[in-house]
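Please look over the structure shown here with its sheet pairing and its surface in mind. The report below takes these topics in turn.

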Amino acid sequence: MRAVLMLVAMMGLALGQAQTARVEGRVTTPEGKPVARAMVRLIGTPTAPGQQPVTYVEVTAANGTFAVESIAPGLYMPNVDRQGYVVPGAPNNPARPTPITVGPGQRVQNIELRLTQLASVSGVVTDTDGEPVAGMNIRLVRYSYINGRLSQMSLTGGQSDEQGRFRMANVQPGRYFLAASANPVSGVTNGNEILGRSAQESELTTYYPGSAEIQGATAITVGAVPIDGLQIRMRRGRLYSIKGKVSGFDGNGPQRP
């Protein structure tokens, strides 16, 4: 009797293993470079209300390949991520993740997932004489349409060091304007110090390579390759403040008289 029960248990185990599936594929950059140590997830779809989906997780090998084993039949959405990479948009990701239907005992192969490597932007900030300037706030400015309106977004990148150097890591691909700016200087310091006209001059916000306005700046295109050796030559000038009062405005636009 005991032998019969063991035989039934072994048959049930073999049947369960035969019902599970396997999914194989690889993760690469859009250029075809394999991405190692990427986290691949197969996120299951609930088959009943309130059911928690099962997610299978594997890590890619050095050649970018992965194999997810012992998968229960069902519908799964592939997901991939790795630090320093981003999933590219539809124009650059023809193999963007799509749901995978896995049948009992099926072996699904050739799943292609894409990741774009994030780049870095680095360089140096100097004054008009070419000397390094420390403590400048560095940012990347990008324009994009949000809800049909052109909007400006800024990515802060810290400050330039004692040698005027700066580096911004993990920058997503795109077209940017690079800017450097100083912290505002007050007209009165240390209580008894009054700054004269020349002393009130400071570094103005400057766009790469040396424009006071973004209209005269040179855009940089960030891809998967690090951008190095950029030089921002700061412009100097006096900063002014403007005070006033806005009337006839309720937040929805100017009112008619």
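## Pairing of β5 with β7

In this predicted model, strands β5 and β7 pair in the antiparallel sense over 3 bridges. Within this pairing, L75 has T101 in β7 as its bridge partner.

## Pairing of β2 with β5

Strand β5, which covers residues 74-81, is also joined to strand β2, residues 39-44, by 6 bridges, and these two strands run antiparallel. Two of the positions concerned can be named: M39 stands opposite D81 in β5, while G44 has Y76 in β5 as its bridge partner.

## The sheet as a whole

These pairings belong to an open sheet of 4 strands, arranged in the order β3-β2-β5-β7 with antiparallel pairing. The edges are formed by β3 (55-59) and β7 (100-102), each of which pairs on one side only. From one strand to the next, the twist averages 30°. As a general point for reading such a sheet, side chains in a regular strand alternate between its two faces.

## A nonpolar surface patch

Turning to the surface, Y143, Y145 and L150 form a nonpolar patch, and together they have about 360 Å² of accessible area. One of these residues, Y143, lies in strand β11, which spans residues 137-146.

Is Y143 buried, partly exposed or exposed? Y143 counts as partly exposed because its relative accessibility is 34%, a value that falls between the limits of under 20% for buried and over 50% for exposed.

Terms used:
Residues numbered from 1 in each chain as written. Predicted model: local features only at pLDDT ≥ 70, side-chain atom pairs only at ≥ 80, totals over all residues. Heavy atoms only, no water. Pairing = 2+ DSSP bridges. Axes fitted to C-alpha atoms, helices over the stretch in contact; angles between N-to-C directions. Patch = residues over 30% accessible without salt bridge, like charges linked within 9 Å, V, L, I, M, F, W, Y side chains within 5 Å. Areas by Shrake-Rupley, 256 points an atom, 1.4 Å probe, with all protein chains shown as cover. Salt bridge = Lys/Arg side-chain N within 4 Å of Asp/Glu carboxyl O. Buried < 20%, exposed > 50% of the residue type's maximum accessible area, 1.4 Å probe, protein only.
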